[in-house]
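Please examine the sequence and the structure shown here.

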Amino acid sequence: MLNIAHENNKSAPQSYVGSVREVEHAMKPLANMIKINTDVVIFDSARKFDFSIIIRDSAGVMVEPRVCCLEGVVRAYMVEALGVKKALNWLKNNSTVHAQITAELENLTDLQPQGGCDDPNFSYLFKLKCGRCGEETQKETSLTLSETVPLAVGKGTVHLSQKCKFCGRDGTITMIPGRGKPLSHGDSEAGKFSPLMMFECRGYEPLNYLFVDGWKAVSLEGTKFDEIDLSDGEFAEYDEKGECPVMISNLRSTFVVVK
């Protein structure tokens, strides 16, 4: 959205306020998408210009507002380009990622959290990298679907709200259930990764997913193995029904940006 108002025009403030109200009442974006509106005001006699960005999630909730006031005489399209650039920088540092896993499954299939891929009590452990300064956390952060915290600014809840200890920037992470599936024996043999959980990251990048306990799998003969602990990087047992050993090894993980 581009709105240009000249300072010597008495309607400029109303025009600016009106455009902001239009943004506030804009239609919500589609599911699992965000909407970014930019707004520009130019004050000719003062040799100043402003541009603002309002970002909303698929629920219509304001994720982040940004306003920038600068001095100088520029053309309208240049100010709009600055707003778009600011929005693109925000997108670069804020993304939705999918945690994906794979492993070598010997006589096993359907590796997943004990309560399924959307287990509310399953812990996801990983380190964080600040999107502003690049500082990485020393210890892993633990997130579960059942535990949320209120946003520091605005309404709503997230699964993590944390300030970078190095640069002081606020960041959040929200877990998005319903996007995971068990790692099958076929995908394991093909070396394919299976999606586990989706994370909406604002200001942080997740790194180095850590395997812990709380997993389950089924043997190819139908024997269930519950409460599997993968903290040591592998699991080995014997399937009496199938009369064969079962094993999980060569655990690997990655975070894939969802486009």
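## Aromatic pairs in the predicted model

With a relative accessibility of 3%, Phe 122 counts as buried, a term that means under 20% relative accessible area, whereas exposed means over 50% and partly exposed lies in between (1.4 Å probe, protein chains only). Trp 215 is likewise buried, because its relative accessibility is 0%. This is a predicted model, in which local features need pLDDT of at least 70, side-chain atom pairs count only at pLDDT 80 or more, and totals for chains, interfaces and linings use all residues. Residues are numbered from 1 along each chain as its sequence is written, and side-chain values use heavy atoms, with hydrogens and water left out.

The structure contains ten aromatic pairs. Rings of Phe, Tyr and Trp (its six-membered ring) pair if their centres lie within 6.5 Å; planes under 30 degrees apart count as stacked, over 60 as edge-to-face and the rest as tilted. Two of the pairs are listed below.

| Pair | Centre to centre | Angle between planes | Class |
|---|---|---|---|
| Phe 122 and Trp 215 | 5.1 Å | 80 degrees | edge-to-face |
| Phe 126 and Phe 255 | 5.6 Å | 80 degrees | edge-to-face |

Phe 126 lies in strand β6 and Phe 255 in strand β17 (residues 244–257), so this pair links parts of the chain 129 residues apart; strands (E, at least two residues) and helices (H or I, at least four) are DSSP runs, numbered from the N terminus. Both Phe 126 and Phe 255 are buried.

One aromatic cluster is formed by Phe 122, Tyr 124, Phe 126, Phe 199, Tyr 209, Phe 211, Trp 215 and Phe 255.
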